[in-house]
Amino acid sequence: MAMTMQGEVTLPADRATVWAALNDPEVLKASIPGCQDLEKISDTEFQATAKVSVGPVKATFKGGVTLTDLDPPNGYTISGEGQGGVAGWAKGGAKVRLEEIEGGTRLVYDVEANVGGKIAQLGGRLINGVAKKYADEFFANFAKILTPAETPA
């Protein structure tokens, strides 16, 4: 079952800072909902483990993430593929673009994803809703990491 999503988020940091964060395994691990482990294999490859819940199906997915079409600090394509045992599989990618704006950076993304197995049997509406929730949560976590902490007066 295939799905697509587009969106954008405004981040309170300059483009170089956002670019560095998008390539930092610790920032990505803290931003990905359910991520238990994210290990950098090379400058363009990561291994990841994440716990995912889609309706009644809960699974731990293990897989790889690859960065391609690198255009620092303007964007890249991030692709991943994971196996969740009896729950099924997931694979997909996102084109990420960074645009300098007043007061920060606009991150624009286009996501394409596919799922199969038990998860795919749950129905498109549920899967799309969960995928959007995970994307929103990722960008909220990512934005929180990039937002300077308020210092008490």
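**A guided tour by selection**

Begin with K40, which at 37% relative accessibility counts as partly exposed, a class that lies between buried (under 20% relative accessible area) and exposed (over 50%), as found with a 1.4 Å probe and protein chains only. Next select D43, which counts as exposed at 62% relative accessibility. The two side chains form a salt bridge, with the closest N and O atoms of K40 and D43 3.8 Å apart; the term stands for a side-chain nitrogen of Lys or Arg within 4 Å of a carboxyl oxygen of Asp or Glu.

Before going on, a word on the model: it is a predicted one, in which local features need pLDDT of at least 70 and side-chain atom pairs count only at pLDDT 80 or more, while totals for chains, interfaces and linings use all residues. Residues are numbered from 1 along each chain as its sequence is written, and side-chain values use heavy atoms, with hydrogens and water left out.

**The whole chain**

Now zoom out and colour by secondary structure: the protein has 3 helices and 7 strands, where helices (H or I, at least four residues) and strands (E, at least two) are DSSP runs numbered from the N terminus. Followed from the N terminus, the elements come in the order β-α-α-β-β-β-β-β-β-α. The radius of gyration is 16 Å, close to the 15 Å that the globule rule gives for 153 residues, so the protein is as compact as a globular protein of that length; the radius is taken over C-alpha atoms, and the rule is 2.2 Å times the number of residues to the power 0.38. Of the 153 residues, 38% count as buried.

**A network of charges**

Select E8, R97, E99 and R106 together, which are linked in a network of salt bridges. What does R106 form with E8? The pair forms a salt bridge, its closest N and O atoms being 3.4 Å apart. R106 lies in strand 7 (residues 104-116) and E8 in strand 1 (residues 2-11), so this pair ties together parts that are 98 residues apart in sequence. While R106 is partly exposed, with a relative accessible area of 26%, E8 counts as exposed at 51% relative accessibility. For the model as a whole, the count comes to 7 salt bridges.

**Further along strand 7**

Finally, select N114, which also lies in strand 7 and counts as partly exposed at 28% relative accessibility. Which residues does N114 touch, not counting those up to four places away in sequence? Display M1, A2, W89, A90 and K91 to see them, contact here meaning heavy atoms within 4.5 Å. To end, draw a distance from N114 to A135: the two are 21 residues apart in sequence and 15 Å apart in space, C-alpha to C-alpha.
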